[in-house]
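Thanks for coming, everyone. Please bring up the model on your screens.

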Amino acid sequence: MNNLKTAIRNVNIDTPKPNQLYYNAYFAAGLLAHPRRALNLLKYKLSKFKYVVNYHPMVMDIEPTQRCNYKCAMCITAAMSEKRQDMTFDTFRRILDEQFGLMEVKIQGVGEPLLNKDFFRMVDYAKKKLLWVRTTTNGSLLHVNDNYRKLVDSRIHDVNISIDGCTPEVYNDIRLGGDLHRIETNCRLINEYNNKVKKTTVRAWAVLQKKNKHQFFDFPHFFAGLGFTEMALSFALHNYGREGDNAEATDFTFTEDDIRRVAGLAREAGIKMFFWFHPSFSGDSFCQIPFGRVYITTDGHILPCCYIANQEVIDFGDYRDFKKIWFEDYTEFRERLKKKDPLPAFCRQCHGGHG
């Protein structure tokens, strides 16, 4: 995988980023409107990754639902023994009101966010607080109640639509319960509307795996044909903190010539392409997530990150005990991650299995 990363760097392909001028201006407006947010950021900058922190998290993944209308081959959802109730809007609002240091929120977890009846209220409330708001959807419900139009009109900042195959045979085999023809129609709906009004970024996202890696060179023209102007190919298939590798994961042998070819196909199709990798840490590097970010489940429990997203693997406790968890219980967790002595079992996949 390191050879693949080197090849991508040599071809000069970046990771997904928003318009930097707008991104910076939006954050600056939030800091000016919320002085406690600005002070919190300053404390974070001065902390230099100390184990004991004196600031609140700046980023949260908030899971609106664990329900999904798909049972994807590579996902944890179907294997979870218990499905929690959807998060209520009141719970979501209380979290955002209490977390004065937040700058960004991702409203999505392991489920399909549009299944939560309050999803758009959540987006609207987060936007009113001048938070950068993102989500990921499987795209299957965009046609229902004009969700595609509501999503764009909400001015949410980033929308990733997960599409893991260019043909019905491949897509429907990976995204069990899905229908590629429905997805193609829905993607054209949202892209035609958004490309007119230009209120958000809508990006196609494909997780490469055993069943679709042979379509590596097909994705750029396929996504461009659905009206996307941006796409990401993800090599970030992981096992949600469980022992062993994800059964759908595979080794990739794409060469630098392959990367140049697919980059050329993207330019030819007129689509901006990115690559995304599962995080990895070796040597003196360490995971910085628990120093500024947390994951909140539908029923208000705190998990380390979206790469675990399963409280059957690790559960730091109820959000109602947030201060104790973040300022006390997380201290040892941060120290173990930074020193790698020893690594928590649920974090070892990000460290190549070491520790």
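Start at Arg 93. Arg 93 makes a salt bridge with Asp 90, with the closest N and O atoms 2.7 Å apart. A salt bridge here is a side-chain nitrogen of Lys or Arg within 4 Å of a carboxyl oxygen of Asp or Glu. Both residues sit in helix α4 (residues 89-98), three residues apart, about one turn of the helix. Helices (H or I, at least four residues) and strands (E, at least two) are DSSP runs, numbered from the N terminus.

Before I go on, a word on the source. This is a predicted model: local features need pLDDT of at least 70, side-chain atom pairs count only at pLDDT 80 or more, and totals for chains, interfaces and linings use all residues. Residues are numbered from 1 along each chain as its sequence is written, and side-chain values use heavy atoms, with hydrogens and water left out.

Are these two partners buried or exposed? Arg 93 is partly exposed, at a relative accessible area of 32%. Asp 90 is partly exposed too, at 47%. The cut-offs: buried is under 20% relative accessible area, exposed is over 50%, partly exposed is in between (1.4 Å probe, protein chains only).

How many salt bridges does a search of the whole structure find? The count is 18. One of them joins Asp 61 and Arg 293, again with 2.7 Å between the closest N and O atoms. Asp 61 is buried, with a relative accessible area of 1%.

Next, Arg 121. Its side chain meets that of Asp 118 in a salt bridge, 3.6 Å from N to O. Lys 117 joins in: salt bridges with shared partners tie Lys 117, Asp 118 and Arg 121 into one network. Arg 121 is partly exposed at 46%. Asp 118 is buried at 8%.

Two packed helices are described by the angle between their axes and the distance between the axes. The axes of α4 and helix α5 (residues 119-128) come within 10 Å and cross at roughly 15°. Axes are lines fitted to C-alpha atoms, for helices over the stretch in contact, and angles run from 0 to 180 degrees between N-to-C directions. So α4 and α5 are roughly parallel. Under 35 degrees counts as roughly parallel, over 145 as roughly antiparallel, 65 to 115 as roughly perpendicular, and the rest as oblique.

Which residues meet? From α4, Phe 89, Phe 92, Arg 93, Leu 96 and Asp 97; from α5, Arg 121, Met 122, Tyr 125 and Ala 126. Contact means heavy atoms within 4.5 Å. By class, that contact has six nonpolar, no polar and three charged residues. Ala, Val, Leu, Ile, Met, Phe, Trp, Tyr, Cys and Pro count as nonpolar, Asp, Glu, Lys and Arg as charged, and the others, Gly among them, as polar.

Helix α2 (residues 20-33) and α3 have axes that come within 5 Å and cross at roughly 110°. That makes α2 roughly perpendicular to α3. Their contact has six nonpolar, one polar and one charged residues.

Last stop: Ser 47, in helix α3 (residues 35-47). Ser 47 is buried, at 7%.
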